[in-house]
Amino acid sequence: MIEDYERRKAWIENADNIVTDACKQEGYDVPPLLRDALIQAIRLHHLSEAGAFCLVEALANVERQAGKLPLKPFPFEGFKES
């Protein structure tokens with residue numbers, strides 16, 4: 001039980017870093033209100049790290065489609081469209 005408490009405490013303390021890392025990976029600065037909501041979802045609702053990364057990616061993709069962010073390069077080097 002003490003181990004669960006320690007693990008949970010570490011997760012809560014790391015929430016800000018998780019969101020920061022997700023933003024860095026996507027090259028997208030999440031607006032402060034959304035950033036706070038993501039941190040709260042991690043801390044209070046046990047949102048996983050993968051879940052946080054997916055949400056930040058989705059937000060960044062919306063901004064890309066709106067033309068506010070540059071498109072990401074295609075992930076496969078050497079891929080050519082026919």
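Reader: Which residues does Lys 72 touch, not counting residues up to four places away in sequence?

Author: Contact here means heavy atoms within 4.5 Å. On that basis Lys 72 touches Gln 25, Glu 26 and Arg 64. Before we go on: this is a predicted model, where local features need pLDDT of at least 70 and side-chain atom pairs count only at pLDDT 80 or more, while totals for chains, interfaces and linings use all residues. Residues are numbered from 1 along each chain as its sequence is written, and side-chain values use heavy atoms, with hydrogens and water left out.

Reader: Where does Lys 72 sit relative to the helices?

Author: Helices are DSSP runs of H or I with at least four residues, strands are runs of E with at least two, and both are numbered from the N terminus. Lys 72 lies in the segment after helix 3 (49-65). In sequence, Lys 72 and Glu 26 are 46 residues apart, yet their C-alpha atoms are 8.6 Å apart in space.

Reader: Is Glu 26 buried or exposed?

Author: The cut-offs are these: buried is under 20% relative accessible area, exposed is over 50%, and partly exposed is in between (1.4 Å probe, protein chains only). Glu 26 counts as buried because its relative accessibility is 6%. Lys 72, at 42%, is partly exposed.

Reader: And what is Glu 26 in contact with, leaving aside its neighbours within four places in sequence?

Author: Glu 26, which is found in helix 1, is in contact with Val 56, Glu 57, Ala 60, Arg 64 and Lys 72. Arg 64 belongs to helix 3 and is buried, with a relative accessible area of 8%. Setting aside sequence neighbours within four places again, Arg 64 is in contact with Glu 26, Leu 69, Pro 70, Leu 71 and Lys 72.

Reader: At roughly what angle do helix 1 and helix 3 cross?

Author: Axes are lines fitted to C-alpha atoms, for helices over the stretch in contact, and angles run from 0 to 180 degrees between N-to-C directions. The axes of helix 1 and helix 3 cross at roughly 35° and come within 9 Å. By class, their contact has eight nonpolar, one polar and five charged residues. For those classes, Ala, Val, Leu, Ile, Met, Phe, Trp, Tyr, Cys and Pro count as nonpolar, Asp, Glu, Lys and Arg as charged, and the others, Gly among them, as polar.

Reader: What about the axes of helix 1 and helix 2?

Author: Helix 1 (residues 2-26) and helix 2 (residues 32-45) have axes that come within 9 Å and cross at roughly 145°. The residues of this contact divide into ten nonpolar, one polar and four charged. Among those from helix 1 are Trp 11, Ile 12 and Cys 23, while the helix 2 side includes Leu 38, Ile 39 and Ile 42.

Reader: How many disulfides does the structure hold?

Author: A disulfide is a pair of cysteine sulfur atoms within 2.5 Å, and the structure holds zero. As for individual cysteines, Cys 23 is buried, with a relative accessible area of 7%, whereas Cys 54 is partly exposed at 47%.

Reader: How many helices and strands does the chain come to?

Author: Three helices and zero strands, running α-α-α from the N terminus on. Of the 82 residues in the chain, 24% are buried. Among contacts with a separation of 6 or more, 64% come from residues 24 or more positions apart.
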